[in-house]
Amino acid sequence: MGEKIAKKVDVSNKKASFEYFFLERYSAGMVLTGTEIKSIRLNKFSMVDAYCYFDRDELYVKNLNISKYEQGTHYNHDPLRDRKLLLKKKELKKLANKLTDKGLTIITTRLFINDGGFAKLDIALAKGKKLYDKRDSIKERDVSRERMRDE
């Protein structure tokens, strides 16, 4: 019982903003088991390689690593299982239609627990950056850092 359960969990995927341009953003609920939400509240998750895909008109997140809950028994979950995302049908159809464009994908940008106590996943329809775009991002970040130091 030494671990602290957090009331507020709010973690962003910083690597995603470096690797992709975000075109549209959505906030989706997730279908989780009891041990998964307990691990999330303990900040025992990683969404670095997570992405979303469609299976029979339903959206799932893959490679969202939620560590096993330490006090979980034989009811513990598989850390890398695919989890269903909950969005409105209208949003799902819109995303499915946009995914047909070349070079677009759906990635995770943020995982948080809302005021109602539910785990939510912010996702974005994204387009991958080319190498020169990444260089521009690094340059902009360095320039803004220099401005902050001068002030």
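Biologist: What makes strand 4 and strand 5 a pair?

Modeller: Strands pair if DSSP finds at least two bridges between them. Strand 4 (residues 51–55) and strand 5 (residues 58–62) have five bridges, in the antiparallel sense, so they meet that rule. By the way, strands here are DSSP runs of E with at least two residues, helices are runs of H or I with at least four, and both are numbered from the N terminus. Mind that this is a predicted model: local features need pLDDT of at least 70 and side-chain atom pairs count only at pLDDT 80 or more, while totals for chains, interfaces and linings use all residues. Residues are numbered from 1 along each chain as its sequence is written, and side-chain values use heavy atoms, leaving out hydrogens and water.

Biologist: What sits in the hairpin of strand 4 and strand 5?

Modeller: Two residues lie between the strands, and Arg-56 takes a positive phi near 50°. Another positive phi, near 60°, belongs to Asn-43, which follows helix 2.

Biologist: How do you know that strand 4 and strand 8 pair?

Modeller: Their antiparallel pairing runs over two bridges, and at least two is what the rule asks for, so they qualify. In strand 8, Ile-106 stands opposite Cys-52.

Biologist: Back to strand 5: which residue is the bridge partner of Tyr-53?

Modeller: That's Tyr-60. Their rings come up too: one aromatic pair is counted.

Biologist: Why is the pair of Tyr-53 and Tyr-60 called stacked?

Modeller: A pair of aromatic rings is described by the distance of the centres and the angle of the planes. Rings of Phe, Tyr and Trp (its six-membered ring) pair if their centres lie within 6.5 Å; planes under 30 degrees apart are stacked, over 60 edge-to-face, and the rest tilted. For Tyr-53 and Tyr-60 the centres are 5.8 Å apart and the planes at 25°, so the pair is stacked.

Biologist: Why does Tyr-60 count as buried, and why does Tyr-53 count as partly exposed?

Modeller: Buried means under 20% relative accessible area, exposed over 50%, and partly exposed in between (1.4 Å probe, protein chains only). Tyr-60 has 18%, so it's buried; Tyr-53 has 25%, so it's partly exposed.

Biologist: What makes Arg-110 lie over the face of Phe-112?

Modeller: The rule wants NZ of Lys or CZ of Arg within 6 Å of the ring centre and within 35 degrees of the ring normal. Arg-110 is at 4.1 Å from the ring centre of Phe-112 and is listed as over its face.

Biologist: Why does Glu-24 count as buried?

Modeller: Its relative accessibility is 17%, so it falls on the buried side. Glu-24 is in strand 2 (residues 20–30).

Biologist: How do you know that Glu-24 makes a polar contact with Tyr-26?

Modeller: A polar contact is a pair of N or O atoms within 3.5 Å; within protein, one must be able to donate a hydrogen and the other to accept it, and residues adjacent in sequence count only if both atoms are side-chain atoms. The side chains of Glu-24 and Tyr-26 make one at 2.5 Å.

Biologist: Why is Thr-109 called buried?

Modeller: Its relative accessible area is 7%, so it's buried. Thr-109 is in strand 8 (residues 104–113). Leaving out residues up to four places away in sequence, Thr-109 touches (heavy atoms within 4.5 Å) residues including Val-11, Phe-22 and Met-47.

Biologist: And why is Ser-67 partly exposed?

Modeller: Its relative accessible area is 30%, so it lands in the middle class. Ser-67 lies in the loop between strand 6 (65–66) and strand 7 (83–86).
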